Amino acid sequence: MREQIRQYVYDLLVDIAAADTNLVLLLIISVAALIVLDAVTSFAKTKRTEAGIDVKSGAVSIDGSKTLPVRKYVSEMQGLAGVPDALICENGYIIPVERKPLARKIRDRYVAQLLVYMRLVEEFEGKRPPYGYLILGPSCRRFKIENTPDRQAWLQKMIDEMHEILAGAPAKAAPHPTKCRKCSVHDACRFRADTATLVQIGNADKSSL
Ligand code: SF4
């Protein structure tokens, strides 16, 4: 359709220019305007794709956008806050979208973050989103994460633990050799999981018995 309109405009302008040479300038300006319009449309499409928004979805909010308002949610009632990377409208629901450009696979923490956004959307937009989207990696692979009661119960358990720690309960470390190896506080952490430390801790435990 757009191609047909463009061809029609070209033909029309060529006819006009042939009738009056003064209109050649108008022809050039009009063609330039079409090229700019094309470039802007293509740029906007790329940005929407990066944010996980397909052509059929309506964007409500995109973090960093100059044209759409960014929605920042702060819930004192739930003790939660967050700024989704994007919010889109699908089938009458506001759906949160979270983008992880460097991620190669779905991680629990990404899912937890998205579930928090779903809670915030429910509180502030008045409707429980049935799902959210995670957009992973440079190729923007899109994953639909269902907002199920089981997932929300899993999230609630984590939130309860965080609240307990904030109230003074001791934090429980969950060391893992791969994570600990890359951890920035590895050298200072007494819970780190590398073979030598595990052996030392094991010996210390035995000697204290
Ligand atoms: S080194 Fe300590 S803080 Fe870092 S991941 Fe391991 S257990 Fe956690």
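User: What makes a residue count as buried?

Analyst: A residue is buried if 20 or more other C-beta atoms lie within 10 Å of its own. This is a predicted model, and of the 209 residues of its chain, 17% count as buried.

User: Which residues of helix 3 are buried?

Analyst: Gln113, Leu114, Leu115, Val116, Tyr117, Met118, Arg119, Leu120 and Val121 are buried in helix 3. By the cut-off, each of them has 20 or more other C-beta atoms within 10 Å of its own. Their cover includes strand 2 (73–75), strand 3 (80–82), strand 5 (93–100), strand 6 (131–136), strand 7 (141–146) and helix 4 (149–166).

User: How do you know that the length of helix 3 agrees with its number of residues?

Analyst: Helix 3 runs over residues 108–125, which is 18 residues, and at 1.5 Å a residue the helix should span 26 Å. Its end C-alpha atoms are 25 Å apart, so the two values agree. Just after the helix, Gly126 has a positive phi of about 85°.

User: What makes strand 1 and strand 4 a pair?

Analyst: Two strands pair if there are at least two bridges between them. Strand 1 (residues 58–62) and strand 4 (residues 86–90) have 4 bridges, in the antiparallel sense, so they meet the definition. Ala59 stands opposite Ile88 in strand 4.

User: How many bridges join strand 4 to strand 5, and what lies between these strands?

Analyst: Strand 4 and strand 5 run antiparallel and are joined by 5 bridges, with Leu87 opposite Pro96 in strand 5. They form a hairpin with 2 residues between them, and Asn91 in the turn has a positive phi of about 50°.

User: Why are strand 1 and strand 7 called edge strands?

Analyst: The open sheet has 5 strands in the order 1-4-5-6-7, with mixed pairing. Strand 1 and strand 7 each pair on one side only, and that makes them the edge strands. From one strand to the next, the twist averages 25°. Helix 3 packs on this sheet, where it touches strand 5, strand 6 and strand 7, and its direction makes about 150° with that of strand 5.

User: What joins strand 7 to the sheet?

Analyst: Strand 6 and strand 7 pair in the antiparallel sense over 6 bridges. Gly132 has Ile145 in strand 7 as its bridge partner.

User: Which residues are around the ligand, and how many of them are nonpolar?

Analyst: Around the ligand are Ala173, Pro175, Lys179, Cys180, Cys183, Val185, His186, Cys189, Phe191, Arg192 and Ala193. By class, 8 are nonpolar, 1 is polar and 2 are charged. Lys and Arg count as charged, so Lys179 and Arg192 are the 2 charged residues.

Key:
Residues numbered from 1 in each chain as written. Predicted model: local features only at pLDDT ≥ 70, side-chain atom pairs only at ≥ 80, totals over all residues. Near = placed C-beta within 6 Å. Expected span 1.5 Å × (residues − 1). Buried ≥ 20, exposed ≤ 12 C-beta atoms within 10 Å, placed from the backbone. Contact = placed C-beta atoms within 7 Å. Axes fitted to C-alpha atoms, helices over the stretch in contact; angles between N-to-C directions.
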